[in-house]
Amino acid sequence: MRRYLLRRAGQAVFVLWAAFTLSFLILYLLPGDAVSAKLAGGEAGASTTPEQVAAARAEYGLDSPLPVQYLKRLVSALHGDFGRSVATGDDATHMVVTALPPTLAVTGLALVFAVLFGGGSAFLGTFTRFRWLRQALLSLPSLAISLPPFWVGLLLIQFFSFRLRLLPALGTQGFAALLLPALTLALPTGAIIGQVLAKSLATQQEQPYAEIAAAKGASRWRVHFGHLLRNAAVPTLTVAGVVAGNLVAGSVITETVFSRDGVGRVTASAVTAQDVPVVQAVIVLAALVFVVLNLVVDLLYPLLDPRIAPTPEVARG
């Protein structure tokens with residue numbers, strides 16, 4: 001187990017390094033830069049002189065050769081320092097960390113809704129004896145995954161905020177303000193979870209052990225919930241670990257639609273301004289979320305099926 005965890009930790013470090021490096025290269029290959037955009041949009045406007053641009057680039061370390069800039073930023077990032085925002089002058093790490101709690105609140109609630117929606121529709125759809133109800137429940141994930149998130153968000157605002165006046169349309173304050181953004185994020189995530197779980201449950205229903213358990217007198221509920229769901233949860237857990245990380249990426253659209261403070265709005269503003277330090281901090285944070293979630297999923301596997309617990313051979317890779 002120790003070797004397995006060390007190997008996973010090494011993979012995590014590689015993923016974070018790759019995310020940092022690729023984001024650095026892609027952002028610096030884009031035409032223009034944040035300094036030029038900031039000066040062009042400032043009060044000086046077209047009167048900005050080349051000397052002012054050069055001084056500003058030197059202030060943010062953009063006058064050095066690209067390999068030197070990369071090494072400096074990499075060493076600083078290893079200490080948790082991604083530099084200062086070119087657009088605002090604030091510390092990039094502090095900006096992202098400060099914006100993180102509202103985003104975590106929405107994504108956490110969205111994950112709960114996604115599991116309830118996806119898991120509930122898959123479980124009930126494969127459990128019920130009524131064909132029409134089974135078809136209706138199992139078609140919900142396919143419908144939900146085809147809907148654009150921004151359209152879903154606007155539709156929820158129109159119905160629950162403007163027509164029924166039950167929930168706030170915009171803002172970050174209070175639990176009620178979390179519900180509509182969380183529902184918007186939960187639909188596509190829950191749809192993927194529901195599709196995978198429904199297929200896994202259908203496959204497990206055809207296995208001999210299901211018939212044996214029923215022949216021994218186990219009720220349909222016990223067979224479905226106690227036996228089928230446990231085995232079907234293994235592939236579903238794998239997919240859930242991946243799509244849960246997508247919730248952070250989906251917060252960009254959701255927080256923009258609902259005018260919420262959070263990492264999503266910080267990301268949208270930083271990308272628009274080509275603010276490299278802030279964008280890199282967000283990208284590394286998103287990669288870290290993926291890494292942690294996948295590690296948690298790996299550690300949960302033995303709880304569902306002890307047969308897939310990491311052995312010394314697996315740990316050695």
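What pattern does the protein chain follow when read along the sequence? The protein chain follows the pattern α-α-α-α-α-α-α-α-α-α-α-α-α.

## The model and its fold

This is a predicted model, in which local features need pLDDT of at least 70 and side-chain atom pairs count only at pLDDT 80 or more, while totals for chains, interfaces and linings use all residues. Residues are numbered from 1 along each chain as its sequence is written, and side-chain values use heavy atoms, with hydrogens and water left out.

The secondary structure of the protein chain comes to 13 helices and 0 strands, where helices (H or I, at least four residues) and strands (E, at least two) are DSSP runs numbered from the N terminus. Of the 317 residues of the chain, 38% count as buried; buried means under 20% relative accessible area, exposed means over 50%, and partly exposed lies in between (1.4 Å probe, protein chains only).

## A cavity and its lining

Rolling a probe the size of a water molecule over the atoms shows where empty space is left. The structure holds 1 cavity of 30 Å³ or more, a cavity being a set of points on a 1 Å grid over the protein atoms alone where a 1.4 Å probe fits but cannot get out. The largest cavity has about 40 Å³ of space, a volume being the space filled by probe spheres set on the points, which are joined across faces, edges and corners.

Its lining, meaning residues with an atom within 4 Å of a point, is made by P168, A169, L170, G171, A176, A177, L180, P181, F258 and R260. These residues divide into 8 nonpolar, 1 polar and 1 charged, with Ala, Val, Leu, Ile, Met, Phe, Trp, Tyr, Cys and Pro counted as nonpolar, Asp, Glu, Lys and Arg as charged, and the others, Gly among them, as polar. The C-alpha atom of A177 is separated by 9.3 Å from that of V106, 71 residues apart along the chain. V106 has its place in helix α5 (residues 92-127) and counts as buried because its relative accessibility is 4%.

## A salt bridge

Side chains of opposite charge can pair when their charged atoms come close. A search of the whole structure finds 1 salt bridge, defined as a side-chain nitrogen of Lys or Arg within 4 Å of a carboxyl oxygen of Asp or Glu. The side chains of D261 and R265 meet in this way, at 3.8 Å from N to O. D261 counts as partly exposed because its relative accessibility is 47%, and R265 is also partly exposed, with a relative accessible area of 35%.

Terms used:
1 Å grid on protein atoms, 1.4 Å probe; cavity = no way out; pocket = protein on both sides within 12 Å on 5 of 7 lines; lining within 4 Å.
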